[in-house]
Amino acid sequence: MTLEPRTFDPPRLSDGRPLLTARELRKTYGRVTAVEGVSLEVYPGETLGIVGESGSGKSTVLRLLNLEEPADAGDYRLDLAAYAGENLLGLDRYRRRELRVSQIGIVYQQPHMGLRMGASSGGNVAERLIMAGERRFASLRAAARDSLAASEFPLDRLDDPPRVLSGGMQQRVQLAKAIAMRPALLLLDEPTTGLDVSVQALVLDTLLRLRRERRIATIVVSHDLGVIRTLADRVMVMRGGHVVEHGLADQVLDDPQHPYTQQLVHAKL
Amino acid sequence: MTLAELTHPRQDYSYGFLDAFARRELRRRILKAIAIPGYQVPYASRELPIARGWGTGGLQATLSVAGPQDVVKVIDQGADDSVNAANLRRFIARMTGVETTTDTARATIIQSRHRVPEERLAEGQLLVLQVPDPEPLRAVQPDSSQAREMHADADYAQMWLSLYEQLVRFGRFMQGASYPVIVNRRYLMSPSPIPRWDTPALHQSAHLTILSAGREKRLYAVPPYTDVRPIEFDDVFFQVEDQAGRVCMITGAAQKFMDELPQPGGGSRFRISDTGYVEKLLAAARGEPTAIGPTYYDDQGRFWMPGVIRGRGDGDS
């Protein structure tokens, strides 16, 4: 038996334009500055990891990028035809909703933030398409099935509500919902925190496969360096609302320069 | 002591019971509701000598628009002679001096609970529906301030999600009465608890419909010739109650909305729910001169306007 020779993408510097460009994001809650001067770029098909301890502002960055809450200052652009040259932080609520439905998928740490626990799993996924204007039942059903299959959800439980599912399966429903519209940007907020280690590995496998197949630009936020090492191409380290270090994943995690990153990496290893 | 001795003479009350300010406010609210079809306009619901929940919303709308030249019909679940309908009719007549009738075609104002008459309403007629719960989003969004935001955004995806869930779980739409509709391609509206059978009657209707909820202090309207579409999927349609095989025990008529009367033997007999229409059918059978107007559904159960009800395949004929 001979093995098919595998083809690899030649190593190259990305010469495309970044899908996501954010500049100088700032967000304060009263006297607390949650995020200050954060800038980042994500290229199509690339995964950016954001690490940092609790309270470092990493989840706030994700919420700002998901347009869930208004930023105090900054500039946020997505390289999409419909939103060319527009600072997305200034969108009105209708277009903001449209953008979030069609172009941004998000997976939360707590499934109840992203899912209707009482509706069926298929319904949760279908809701995304309903919001985008799909009104054919057969198409909704087929799309829900496809999307759940892509996130490796057991299809015999298609009509069970997330309430009765295990944590790992709930995350798969969230993931299916996030990718149902084939978004340009996928945001993962601690996607595997709270799952036991074996389930965590399976969910990470699914995420890796999706990344390979769909090439969605992804931002993953986690305090678990193992998750970041598995998923991310590049890593951004945050502390106290600021970015302290930024570079390729291997570089940052194997040869951290900033004292805080060194501490973080050694605390883990 | 009789009731007549206990009550004040009519001259002690304002015309139409409500004071001039209340009438003016209600009329303004009604105008606003007509201007924004399907939008719930808040209003100050007045105290009336009947309890909230017994048609005070509809009564206030009727009292504020009725004049002495009007002819009023009041129905309750299709019946002109139920206690509630009789009470409201007597009160309206006493306070406004209107003529009352049971004939749908003659009435200028029809106040109704839970039914639209079988005979087609014409231009110039006003249908006032009593509404217990004006908020169609309540089932999916209990928080009314959030529901208002959803109306503002026309964010009705959750209604279709609930349709999806019903199809998955039960194989059909489960909503009976009060089936939500989209008015003028914009606002989601609860048509008050009329059966699904009556919902298409509001679509592109010649008459004006005012829906008023006294307890919830909201009123809304469907102006004449306005689109009223039940929520449905493009491949799974809204359906009306199937009346096939039901024959009215009084008139022998079929394909009208029937009341089911359980019989001691375990079976059921049926009676047309619209008593005004039954009266007319009986009068015609006795050979009396009666003008029976065209009905919303013909004797084969086809809706008069093609293409409105897609669910039974009678739309393309």
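A residue is called buried if 20 or more other C-beta atoms lie within 10 Å of its own, exposed if 12 or fewer do, and partly exposed in between, with C-beta atoms placed from the backbone. Helices (H or I, at least four residues) and strands (E, at least two) are DSSP runs, numbered from the N terminus. The structure is a predicted model, in which local features need pLDDT of at least 70 and side-chain atom pairs count only at pLDDT 80 or more, while totals for chains, interfaces and linings use all residues. Residues are numbered from 1 along each chain as its sequence is written, and chains are lettered from A and ligands numbered from 1 in the order in which they are written.

Helix α3 (residues 56-65) of chain B is largely enclosed by the rest of the structure, because 10 of its 10 residues are buried. Among them are T56(B), L59(B), L63(B) and V65(B).

The axes of α3(B) and helix α2 (residues 20-35) of chain B come within 9 Å and cross at roughly 105°. Axes are lines fitted to C-alpha atoms, for helices over the stretch in contact, and angles run from 0 to 180 degrees between N-to-C directions. Angles of 65 to 115 degrees count as roughly perpendicular, and α2(B) and α3(B) are therefore roughly perpendicular to each other. Two residues are in contact if their C-beta atoms, placed from the backbone, lie within 7 Å. On α2(B) the contact is made by R23(B), L26(B), R27(B) and I30(B), and on α3(B) by Q60(B), A61(B), S64(B) and V65(B).

Chain B is assigned domain 1 (20-230) and domain 2 (243-305), with bounds from an automatic or database domain assignment. Their centres, taken over C-alpha atoms, are separated by 24 Å. Domain 1 of chain B gives 20 residues to the contact and domain 2 of chain B gives 16 residues.

Chain A contains an open sheet of six strands in the order β5-β6-β7-β3-β8-β9, with mixed pairing; two strands pair if DSSP finds at least two bridges between them. The edge strands, β5 (104-107) and β9 (242-248) of chain A, each pair on one side only. Strands β6 (residues 185-189) and β7 (residues 217-221) of chain A run parallel and are joined by five bridges. The partner of D189(A) in β7(A) is V221(A).

Finally, the two chains meet. The contact takes 17 residues from chain A and 12 residues from chain B. Helix α6 (residues 157-170) of chain B gives the most to the side of chain B that touches chain A, with seven residues.

How values were computed
Angles under 35 degrees count as roughly parallel, over 145 as roughly antiparallel, 65 to 115 as roughly perpendicular and the rest as oblique.
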